[in-house]
Structures are given as C-alpha cells and as structure tokens.
Amino acid sequence: MRSNYVYLATPNSQELKILNIINPNSPTLAGGFDAGSGNGKNIQLVGDKIYFSRTTDGGSGEDFQILDNTNPTITLPKFGGKDIGSSVNGTIVRDYLSFLLTATPSTGSQLRVLRTDNPANITLLTTLVLSPNSNDTEPSIDCEGNRL
C-alpha cells in the first residue's frame with residue numbers, strides 16, 4: 001500500500017492490480033499490469049519502481065519484472081525483466097541487488113541474487129541451492145536489516 005493505492009498480486013489475467021482507495025468504502029481499479037500468464041506472487045515498491053514476480057510453469061516468459069510506477073493510474077510500463085525459469089515465491093530488494101526465492105519440485109528451493117540497477121540488463125550473480133529436490137514449492141523469505 002502506498003498513498004491512496006493498494007497493490008495486489010493476483011491469479012487473474014491482469015496479474016498486478018492497483019486499486020484507488022481514496023474512498024475506502026468503494027475502491028476502484030486504477031491501473032495494473034498484465035504479465036501474459038502465470039499468477040502474480042510478490043510486489044516490492046521501491047521509489048517509483050515496482051519489483052514484480054510471479055509463479056509460472058517455467059519457460060513462459062519473464063518471471064521477474066521491474067515496472068515504472070510513476071503513474072499508478074495506467075497500465076504500468078515495463079523497465080525490464082528476466083526469465084528465471086521457475087516460480088518466484090519471494091522477493092527482497094536492497095540497493096542494486098534483488099534476492100529471489102524460487103522453487104520447483106525438480107530443483108527444490110533456491111536463492112538467486114540478481115543485479116538490477118540496469119533494468120534493461122538484469123544479470124544473475126549467483127544461485128544458492130537451499131533444499132535440493134524438495135517438495136516445498138512455497139518457501140518464504142524475509143529481511144531484517146541486512147540479513148536474509
């Protein structure tokens with residue numbers, strides 16, 4: 001939530017919905033983003049950028065995207081994105097790094113560290129396997145200070 005807007009990651013055809021709640025008794029759709037397929041999963045608002053991730057079946061486009069939130073009342077333009085190849089279940093953004101928690105039944109849980117200071121050229125820095133071949137496809141991530 002920011003200002004008079006609520007940001008929702010959804011399983012709908014528009015995976016990111018932005019609601020105007022200036023009148024909390026009657027919220028209205030203000031803007032959003034259609035990622036193409038999959039389900040909206042995580043939203044991180046940092047300044048005028050939205051770091052948006054979704055769950056997918058793998059290979060169906062960019063699972064992680066950085067959006068321009070300068071005007072939340074429109075279909076948000078995309079600064080850039082990255083095909084992670086698996087569902088993104090958690091996102092933490094710190095400075096020029098994005099930490100993504102991913103999981104699939106075949107690869108298990110992984111922590112991927114991306115350099116995201118240039119959204120048009122997002123690069124994978126490293127991948128840390130947390131639990132190989134795990135059935136836990138819904139892991140979570142949190143950050144306190146500079147500790148994940």
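## Salt bridges

Arg 115 has a relative accessibility of 34%, so it counts as partly exposed. The model described here is a predicted one. Arg 115 forms a salt bridge with Asp 117, and the closest N and O atoms of the pair are 3.0 Å apart. Asp 117 is also partly exposed, with a relative accessible area of 42%. Side chains of opposite charge can pair in this way when their charged atoms come close.

A search of the whole structure finds two salt bridges. Besides the Arg 115 pair, there is one between the side chains of Lys 78 and Glu 62, with an N to O distance of 2.5 Å. This pair links distant parts of the chain: Lys 78 belongs to strand E7, while Glu 62 sits in the loop between E5 and strand E6 (64-68), and the two are 16 residues apart. Lys 78 is partly exposed, at 42% relative accessibility.

## The E4-E5-E6-E7 sheet

Four strands make up an open sheet, in the order E4-E5-E6-E7, with antiparallel pairing. Strand E4 (39-46) and strand E7 (78-82) are the edge strands, each pairing on one side only. On average, neighbouring strands in this sheet are turned by 20° against each other, direction ignored. Strands of a sheet pair through backbone hydrogen bonds, either parallel or antiparallel.

Strand E5 covers residues 49-55, and its antiparallel pairing with E4 runs over seven bridges. Two of the facing positions can be named: Leu 45 is opposite Ile 50 of E5, and Gln 44 is opposite Tyr 51 of E5. E4 and E5 form a hairpin with two residues between them, and Gly 47 in the turn has a positive phi of about 60°.

## Nonpolar cores

The largest nonpolar core contains 11 residues: Tyr 5, Tyr 7, Leu 16, Ile 18, Ala 30, Phe 33, Ala 35, Ile 50, Phe 52, Leu 67 and Leu 76. At least two residues of this core come from each of strand E1 (5-9), strand E2 (16-20), strand E3 (28-33) and E5. Another core, of nine residues, lies apart from this one and includes Tyr 51, Ile 66, Val 93 and Leu 114. In soluble globular proteins, nonpolar side chains tend to be buried together.

Tyr 51, which faces Gln 44, belongs to the nine-residue core. In a regular strand the side chains alternate between the two faces of the sheet.

Leaving out residues up to four places away in sequence, Ile 18 touches Tyr 5, Val 6, Tyr 7, Thr 28, Leu 29, Ala 30, Gly 31, Gly 32, Asn 69, Pro 72 and Leu 76.

## Asn 69, a buried polar residue

Asn 69 lies in the loop between E6 and E7. Its relative accessible area is 4%, so Asn 69 is buried.

Not counting residues up to four places away in sequence, the neighbours of Asn 69 are Arg 2, Tyr 7, Ile 18, Leu 45, Asp 48, Lys 49, Ile 50 and Leu 76.

## Gly 108

Gly 108 is part of strand E10 (residues 108-115). With 0% relative accessibility, Gly 108 counts as buried. Gly 108 and Ser 131 are 23 residues apart in sequence, yet their C-alpha atoms are 5.4 Å apart in space.

Most residues other than glycine have a negative phi. Ser 3 has a positive phi, near 55°. Ser 3 is located in the segment before E1 and is exposed, with a relative accessible area of 62%.

Asp 95 is not a glycine either, and has a positive phi of about 55°. Asp 95 is placed in the loop between strand E8 (87-94) and strand E9 (97-104). With a relative accessible area of 70%, Asp 95 is exposed.

Key:
Residues numbered from 1 in each chain as written. Predicted model: local features only at pLDDT ≥ 70, side-chain atom pairs only at ≥ 80, totals over all residues. Heavy atoms only, no water. Pairing = 2+ DSSP bridges. Axes fitted to C-alpha atoms, helices over the stretch in contact; angles between N-to-C directions. Core = buried A, V, L, I, M, F, W, Y, C linked by side-chain atoms within 4.5 Å. Buried < 20%, exposed > 50% of the residue type's maximum accessible area, 1.4 Å probe, protein only. Contact = heavy atoms within 4.5 Å. Salt bridge = Lys/Arg side-chain N within 4 Å of Asp/Glu carboxyl O.
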